[in-house]
Amino acid sequence: MTRLAAMFERLMARGERALIAYLAVGDPDLPTSLAAARAMLANGADALELGVPYSDPLADGPAIQAAGQRALAAGFRLGWLFEAIRALRAESDAPLAVMTYVNPVLQAGPDGFVEQVRDAGGDALIVPDLPADEATELAAACRRAGLDFVPFVAPTSTPERMAAADAVGSGFVYCVSVTGVTGARAEMPAELPEFLERVRRHVRLPRAVGFGVSRPEQARAVAVHAEGVIVGSALVERIAEGGGAAAVAARVGAHVAALKAALRPAPENSAGAAAPPGEAPAVS
């Protein structure tokens, strides 16, 4: 069983939902991004999504685009990603998923890239510009290396596309809450529960919802209908406030703690909300 599968199984057994926290490796420099990652794990993040900065990030909104640009300006190179994974793996057993666009993977070759991720201690690949029905080769490379390949589904996904995601995916399915790019939003879409119910009918994997989740009350509301939430832009914005690694870690850690509190069942849920219900799907 992979670390992601074990994580979802453990959390669902106790009525808890997963918090997957995103940051761009190297934003605004490698030491500060590592301090932020450590603060996320220390304050309740169940898994990390480690973003590879990219010059043409099609799925990223302004906050994450700016994070990538800061990292690239600081001199990011792919070796920083593996250095960060090795450092975090030495300190934590939490799942570490790499979020990257497909070009860096192709440049290294699917097997070569996933083997580097595996050898560093990573657990999964998330590739937003690679549709599930075109991901057979990379998903197979992940399986050979013992990594999960996390597919995407969106509100516009047809049953056939969802079935394709189910066929190639493992770990969890990344449910995009809206059509568009990442970024904090004032309200979650009213259609989200219906979308997540459609995903449940077609995909056997745990559902983690990203794009737009930023505040604890949003995380709690989403967790009623899914097994996990993914928060990126809200955390990246706290990194962008600057002030040095210690200040960044303090702000990020405080926000992660508030988000995670909203995902724990009562009475652990500090806001007093009922435990997020939901039918637990099979975990591969």
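In general, a disulfide is a covalent bond that links the sulfur atoms of two cysteines. Buried here means under 20% relative accessible area, exposed over 50%, and partly exposed in between, using a 1.4 Å probe and protein chains only.

A cis peptide bond, with omega of about -10 degrees, connects D27 to P28. P28 itself lies in the loop between β1 (18-24) and α2 (30-42); helices are DSSP runs of H or I with at least four residues, strands are runs of E with at least two, and the numbering starts from the N terminus. Further along, F211 is not a glycine, yet its phi is positive, at about 75 degrees. This residue sits in the loop between β8 (207-210) and α10 (216-223) and is buried, with a relative accessible area of 8%.

Another loop, between β3 (96-99) and α5 (102-108), holds T100. T100 is buried, its relative accessible area being 0%. Leaving aside residues up to four places away in sequence, T100 is in contact (heavy atoms within 4.5 Å) with V52, V105, F113, I126, V127 and P128.

Residues are numbered from 1 along each chain as its sequence is written, and side-chain values use heavy atoms, leaving out hydrogens and water. Because the model is predicted, local features need pLDDT of at least 70 and side-chain atom pairs count only at pLDDT 80 or more, while totals for chains, interfaces and linings use all residues.
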